[in-house]
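Have the sequence and the 3D view at hand as you read.

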Amino acid sequence: MIALSNAASIHDLRRLAKRRLPGFAFDFIDGGAEDEISLRKNRAALDAIELTPRYLTGAMEPNLETEVFGKSYSVPFGVAPVGFMNMAWPGADLALARLAAKNRMAHVVSTASSTSLEEIAEAAEGYAWFQLYVTREETVVEELLRRSWAAGYRVLVVTVDVPEAGKRDRDIRNGLRIPFRPNLRLAADLALHPRWSLGTLLAGPPHLANFSEKGGSLSLVDIQKLLISSYFDWSHFRRLRDKWDGQVLLKGILHPDDALRAVEEGCDGIVVSNHGGRQLDYGPASIAALPGVVKAVGDRVPLILDSGIRRGADAIRAKALGASFLLAGRAFAYGAAAGGEAGAKKAFEILRRELSVALGQLGTQDYAAVDRTVLFDAAGGKSGTRLNLGISPDRSEAAQ
């Protein structure tokens, strides 16, 4: 049995998480929409991108420093927004915020966090961004904007890819509701995982901490309906943009025309994302959509890749195709589930070490210098061109 101390990969942390969590909690983190085709496709498409090693370059310890939106970060990846992160492990929200502060890493805080946005901002010490779900009630949106700005957030990440609640079959089968609704199946699951259950009992069950007035027992679909406004359009975005004095990003963009429109409407950055395969199960992998977005907007705004990040070398693959930054959600959730704060730190160390090793193998000393020339070209050209992002997704556990 793998121990946290000798976990070698994010996949190892996933296996530990599966062992330590109640089934419904693991499924909530691990699962995707419907048949989970998009979930698997994210990983398969990344794995299809081959890199060309270069040796005898004299490259020393690689420099991973990355600047985005005027701030320097120690690594080119951050924590993606994950709602109800405390379901991964009690206190995970604050554990990840402290990890971000200690390691100068970006931490994107979800509107649906189980800890208040103010508490997380304080723990993150200036390294937190705020992810906004645009609710049906405009006064609620304005209050979230006011609170997040007052708490010190300056980067606003507006999620746009949930006009309808994604159908996640695992959660439906588990009958997952927030707060938890007692039943015999749930009681048995909790009894088999006493550490998680006791910790959650002491810390309080996951809930919508930024919506304290919303009570009752809600299904995940009900929660999504509460958070998402299906009528959100470009006119609403323009009004929202005018209300925020910092940087505004749109998260969930996959179509080049949407990316171009976002820039024209005043967007400061784009997160190319399919929501980790948790929304539309028949769309492209995020990395497969990236080249089209790059072609449409060029280098006018920073492009950030999200979904499927499990290896440090994914940062190189994304950078080679035009993204300057990455966000990883499940990787850090698995880490927190596998070992609390120590597990979250382990996930960070694994990704950082893998990225450093990959850069060394490519003979590249500076992450900022990575470009398309690192991609493998089977024809032996000057720059990498061999990309096969449409391969059939692997159904193995490792692909998840």
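β9 gives the most to the lining of the largest pocket, with three residues. Both β9 (247-253) and α11 (234-242) supply at least two lining residues each; helices (H or I, at least four residues) and strands (E, at least two) are DSSP runs, numbered from the N terminus. This is a predicted model, in which local features need pLDDT of at least 70 and side-chain atom pairs count only at pLDDT 80 or more, while totals for chains, interfaces and linings use all residues. Residues are numbered from 1 along each chain as its sequence is written, and side-chain values use heavy atoms, leaving out hydrogens and water.

The pocket has a volume of about 570 Å³. On a 1 Å grid over the protein atoms alone, a pocket is an open set of points where a 1.4 Å probe fits, with protein on both sides within 12 Å along at least five of seven lines, and lining residues have an atom within 4 Å of a point. Of its 26 lining residues, Val160, Asp161, Val162, Pro163 and Gly252 lie nearest the centre.

Now to helix α9 (residues 194-203), where Trp196, Ser197 and Thr200 are buried (under 20% relative accessible area, 1.4 Å probe, protein chains only). Down the helix axis, these buried residues fall within an arc of 95°, so they line one face of α9. They pack against α1 (10-20), α2 (23-30) and α8 (184-191), with contact meaning heavy atoms within 4.5 Å. The face turned away carries Pro194, Arg195 and Leu202, which are exposed (over 50%).

Methods
Grid points are joined across faces, edges and corners, and a volume is the space filled by probe spheres set on the points. The arc is that of the directions from the helix axis to the C-beta atoms.
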